[in-house]
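Please read them with the structure open.

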Amino acid sequence: MKMVKINNTVLFLSSAFLVILSSILIVLVENDTFPTLFDGFWWVMTTVTTVGYGDYYPVSVAGRIIAIILYVVGIGLIGVVIGKIIDGLATFRKKRLEGDIVYKGSGHFIIIGWSHKAQFAVKEILETDAKAEVVILDQLKEAPLLEENIHYIKGDASDLATLEKANLPDAKAVLVFADDHLNNDQMIDGKTLLIASSIEAIASNVHTVVEIMEEKHIKNFKHAHIDEFIISNETISSLAVRSAFRKGVSEIYAQLLRRSVGEDLYHVPVHSSWKTYGDAFQSLLKDGATLIADRNDLAINRKLDDALPTDAELYAVCDKVTYEKIMKKGASS
């Protein structure tokens, strides 16, 4: 039992020392049987792991003494090391499942508040960028999703310590979803405001998108510097009414909001040859895309002769194949 409780560093160093020393000694003692250091190392490893292929074995007294020492000391020591490694992997898996981790990566997306909407958000992120890293924050007993690039941290998102575990300052963006489990819109938006305030306290530079239930509550967030608001109630109600008046409108929204269906909305980098909005519009149109906005400005068709700012954030509607063609064309030029 004392062997099991030994310091891990001492245990691994002792095991490495035993393996290396035994490999060297067996080559020195029985060079005819073990002509190279690798042959000695091979025999030592098959011995201490109890594999015992029998392709190499000592024949001299000195060699057999080394073998006996490996039987008595090495097998037990390496057995403990292997047990430690397996136990460590199991513990790490358990910690990941229970959300007891600290994320140290950067450029990741943080999703606060797990729900069906959050699940769709994760799917959309990965469809947009399959290599994106996602960190989910909630107080669920176990991770709702757990993949190589999807991580879970259990804790109160309004607690600064929880946000620090998710490495919030180095995140690319934070998405805060409304807590559907609360009883009324005021309580839901109040909790969201508390989380937004915590985000502002340690990472005001991170792009923050917040879902709120009622538009009138936006004024309460003015000190939190939220980048974008998604108004849940108004958005759904507006879409429902528009669909009632004009059949098919909801399908247009669906295509623009989902990567996997029809035409999508894509960010298009500004090309150096584009001097005006008209240049960008005509160039993209030839490729099969329609320029519709610069950031939140949808009046592109009325300013085609205006100079195109170098810091413009252009958005175009097209399918994925066309978008990939535009990106490849821009990269090669």
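1. Start with Ala 307. Its relative accessibility is 58%, so Ala 307 counts as exposed. The cut-offs are these: buried is under 20% relative accessible area, exposed is over 50%, and partly exposed lies in between (1.4 Å probe, protein chains only). Ala 307 sits in the loop between strand S8 (290-294) and strand S9 (314-318). Helices (H or I, at least four residues) and strands (E, at least two) are DSSP runs, numbered from the N terminus.

2. A word on the basis. This is a predicted model, in which local features need pLDDT of at least 70, side-chain atom pairs count only at pLDDT 80 or more, and totals for chains, interfaces and linings use all residues. Residues are numbered from 1 along each chain as its sequence is written, and side-chain values use heavy atoms, with hydrogens and water left out.

3. What does Ala 307 touch, leaving aside its neighbours within four places in sequence? Ala 307 is in contact (heavy atoms within 4.5 Å) with Lys 275, Thr 276 and Tyr 277. From Ala 307 to Gly 278 the C-alpha to C-alpha distance is 8.8 Å, and the two are 29 residues apart in sequence.

4. At its start, a side-chain oxygen of Thr 276 comes to within 3.3 Å of the backbone nitrogen of Gly 278. An α-helix has 3.6 residues a turn, so residues three or four places apart point the same way. After H9 comes Gly 288, with a positive phi near 100°.

5. Now the sheet. 6 strands form an open sheet with parallel pairing, in the order S3-S2-S1-S4-S5-S6. Strand S3 (150-154) and strand S6 (228-231) are at the edges, and each has a single partner strand, so one side of each lacks a neighbour in the sheet. Two strands pair if DSSP finds at least two bridges between them. S5 (residues 207-212) and S6 run parallel and are joined by 4 bridges. Ile 212 stands opposite Ile 231 in S6.

6. Next, the aromatic pairs. Rings of Phe, Tyr and Trp (its six-membered ring) pair if their centres lie within 6.5 Å; planes under 30 degrees apart count as stacked, over 60 as edge-to-face and the rest as tilted. The count comes to 4 aromatic pairs. Phe 221 and Phe 229 have ring centres 5.4 Å apart and planes at 80°, so this pair is edge-to-face. Phe 221 is buried, at 2% relative accessibility. Phe 229 is partly exposed, at 25%.

7. Which parts of the chain does the pair of Tyr 266 and Tyr 323 link? Their ring centres lie 4.2 Å apart with planes at 10°, so the pair is stacked. Tyr 266 belongs to strand S7 (residues 264-268) and Tyr 323 to helix H10 (residues 320-332); the pair links distant parts of the chain, 57 residues apart. Both Tyr 266 and Tyr 323 are buried. Elsewhere, Phe 34, Trp 43 and Tyr 56 form one aromatic cluster.

8. Last, the whole chain. The secondary structure comes to 10 helices and 9 strands. Of 333 residues, 36% count as buried. Among contacts between residues at least 6 apart in sequence, 60% join residues at least 24 apart.

Note on methods: Polar contact = N/O pair within 3.5 Å; in protein donor to acceptor, adjacent residues only side chain to side chain.
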